[in-house]
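Hello,

Here is the structure I said I would pass on. My notes on it follow below.

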Amino acid sequence: MDKDALPVGIARATFVANVVRVASRVTCGALVLLLSFNAAPAQDRSRIPPTSVYQAMLKANKPTGWVQFRNYNGRQYIYFTALQTLHCRLTDIRFSVNSTLLDQSFALVPCNPALPMSLPPDARLHDIAVALPLGSAEMVAVQVTWEDGTTSETALYRPCPKVGDQTCALLMQ
């Protein structure tokens, strides 16, 4: 256990106990006001570039791939790394393998406003890629949803031939 966790836990337990004691004597409105003092502060998003910057990045990355394919260690990986760098202004990454249905969602990593284009330090392979049986993805369709609810166009990619275990994608349309 973290040496600082106990005092915080005790302070919260004391706070909750005091709220329960006071709750029997105050009106509902006063209780809401009291509890609002313990609410987490809003995240400062001022360091996150505007959506237009992220949209320009998406457009610039389209020819080389919003996703990348890699054959490695007997598996085929589809990497979403380029899209994960946009995660602070995205709400969804939709994709489909060998169809244009966009029937799957790739989970976004949490946004750290202090480092808006960085992945978390504890990011794992499943945070940037999906693993499939070798050779199973002949095409991937991808679309993103921005935080304002608008969506990008759908981009279609296929694996590059004869690149060994390097990452690569070819734009189909």
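Disulfides

Cysteine 160 has a relative accessible area of 13%, under the 20% limit, so this residue counts as buried. Please keep in mind that the model is a predicted one.

Cysteine 160 is bonded to cysteine 168, and their sulfur atoms lie 1.8 Å apart. The torsion about that S-S bond is about -60°, which makes the disulfide of cysteine 160 and cysteine 168 left-handed.

The count of disulfides comes to two. The other one joins cysteine 88 to cysteine 111, with 2.0 Å between the sulfur atoms. Here the angle about the S-S bond is 100°, and the link between cysteine 88 and cysteine 111 is right-handed. Cysteine 88 sits in the loop between α4 (81-84) and β3 (90-97), while cysteine 111 sits in the loop between β4 (104-106) and β5 (129-133); the bond therefore ties together parts that are 23 residues apart in sequence. Cysteine 88 and cysteine 111 are both buried. Counting bonded cysteines along the protein chain, the disulfides follow the pattern 1-2, 3-4.

Salt bridges

How many salt bridges does a search of the whole structure find? The search finds five. I describe some of them here.

Arginine 45 pairs with glutamate 147 in a salt bridge, the closest N and O atoms being 3.2 Å apart. Arginine 45 is partly exposed, because its relative accessible area of 31% falls between the limits of 20% and 50%. Glutamate 147, at 36% relative accessibility, is likewise classed as partly exposed.

Glutamate 147 also meets arginine 89 in a salt bridge, with an N to O distance of 2.5 Å. That pair links distant parts of the chain, 58 residues apart: glutamate 147 is in the loop between β6 and β7, and arginine 89 is in the loop between α4 and β3. Arginine 89 has a relative accessibility of 12% and so counts as buried. Taken together, Arg45, Arg89 and Glu147 are linked in a network of salt bridges.

Another salt bridge is formed by aspartate 92 and arginine 94, whose closest N and O atoms are 3.9 Å apart. Is aspartate 92 buried or partly exposed? Its relative accessibility is 17%, so aspartate 92 counts as buried. Arginine 94, with a relative accessible area of 23%, is partly exposed.

Serine 99

One more residue may be worth a look on your screen. Serine 99 is placed in the loop between β3 and β4. Its relative accessible area is 18%, and serine 99 is therefore buried, the limit being 20%. Which residues is serine 99 in contact with, leaving aside its neighbours within four places in sequence? They are Met139 and Ala141.

Regards

Technical notes: Residues numbered from 1 in each chain as written. Predicted model: local features only at pLDDT ≥ 70, side-chain atom pairs only at ≥ 80, totals over all residues. Heavy atoms only, no water. Disulfide = S-S within 2.5 Å. Helix = DSSP H or I, 4+ residues; strand = E, 2+ residues; numbered from the N terminus. Buried < 20%, exposed > 50% of the residue type's maximum accessible area, 1.4 Å probe, protein only. Salt bridge = Lys/Arg side-chain N within 4 Å of Asp/Glu carboxyl O. Contact = heavy atoms within 4.5 Å.
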